[in-house]
Amino acid sequence: MTVLERWHVGPWTTSGTAVGAPLEPGQRRTPDELNFDVVGLARILGRRLDGRAELQVRLWQNELRPTHTRLVGVHTLADPANAELLRQTALEAFAWLSTLAPDGYEFVLTDAVRLQPKLDLTAEVVAVDAVIQLAADRGDTYPADRLAASHVRQSPTGDWSAGDAVCNWSGPYPTADEAVAAVRAARVELADQLRAGGHADLADTEPRWNPVPVEQSAAV
């Protein structure tokens with residue numbers, strides 16, 4: 001099984017329109033384009049296809065992506081049977097992709113492929129993102145939220161930082177262990193803040209919070 005090192009909560013594909021909904025050229029992909037993105041995402045993450053399936057993907061690409069500068073939200077497959085084949089292939093790709101979700105998280109397919117935390121507090125592994133989301137649903141946010149939910153990643157220069165898919169919230173550090181320690185310290189602070197805020201049920205899941213994700217740069 002492929003291990004996800006580069007991961008983030010939120011959309012993993014661009015958004016698409018629902019079947020039968022008005023198209024939004026330049027804004028959202030058509031249903032066929034979205035299905036093609038799902039197939040492509042699984043291939044990027046390591047799903048292997050046989051020669052015939054690879055040829056079919058290329059044929060879909062030629063019809064849905066005729067140029068690199070195409071306007072999204074316009075292209076559809078001319079043959080309804082071909083579009084149905086693509087839809088079924090996308091569902092198979094998504095089923096494969098679903099098995100790769102990190103512990104405490106799940107992939108969902110709505111208007112995009114999204115990674116989201118599971119909100120089951122009784123689970124063997126509880127994502128810190130889930131605890132933060134449940135607290136926010138109750139109307140509370142805490143200073144330690146962002147760093148506690150961070151993952152650790154290495155920069156091309158070799159140092160390490162803790163952050164999300166967009167920003168670094170702590171660092172740089174000379175080693176991964178130091179960056180991980182910063183995240184763990186923030187998690188202790190978050191648990192204390194949750195208890196002080198009256199959310200002991202959320203804080204009590206701390207021993208089962210997901211491990212701090214660590215991503216090494218391929219450039220180093």
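## Overall build

Among contacts between residues at least 6 apart in sequence, 57% join residues at least 24 apart. The model is predicted. The protein has 7 helices and 7 strands. From the N terminus, the elements run β-α-α-α-β-β-α-α-β-β-β-α-α-β. Along its principal axes, the C-alpha trace spans about 60 × 40 × 30 Å.

## Surface and charge

Of the 220 residues, 42% are buried. The protein exposes about 11900 Å². Carbon and sulfur atoms supply 53% of that area.

The protein carries 20 positive and 30 negative charges.

## Asp37

Asp37 sits in helix α1, which covers residues 31–44. Its relative accessibility is 10%, so Asp37 counts as buried; the cut-off for buried is under 20%. Leaving aside residues up to four places away in sequence, Asp37 touches Thr13, Thr14, Arg29 and Arg65.

## Aromatic rings

The count of aromatic pairs comes to 1. Trp12 and Phe107 form an edge-to-face pair. Their ring centres are 5.1 Å apart, with 90° between the planes. Trp12 lies in the loop between β1 (10–11) and α1, and Phe107 lies in strand β2 (residues 105–109), so the pair ties together parts that are 95 residues apart in sequence. Both Trp12 and Phe107 are buried.

Arg146 lies over the face of Trp169, at 3.8 Å from the ring centre.

Note on methods
Residues are numbered from 1 along each chain as its sequence is written. This is a predicted model: local features need pLDDT of at least 70, side-chain atom pairs count only at pLDDT 80 or more; totals for chains, interfaces and linings use all residues. Side-chain values use heavy atoms; hydrogens and water are left out. Helices (H or I, at least four residues) and strands (E, at least two) are DSSP runs, numbered from the N terminus. Buried means under 20% relative accessible area, exposed over 50%, partly exposed in between (1.4 Å probe, protein chains only). Contact means heavy atoms within 4.5 Å. Rings of Phe, Tyr and Trp (its six-membered ring) pair if their centres lie within 6.5 Å; planes under 30 degrees apart count as stacked, over 60 as edge-to-face and the rest as tilted. A charge sits over a ring if NZ of Lys or CZ of Arg is within 6 Å of the ring centre and within 35 degrees of the ring normal. Accessible areas come from the Shrake-Rupley method with a 1.4 Å probe; for residues, only the protein chains shown count as cover. Lys and Arg count as positive and Asp and Glu as negative; His and the chain ends are not counted. The place of a charge is taken as NZ of Lys, CZ of Arg, CG of Asp or CD of Glu.
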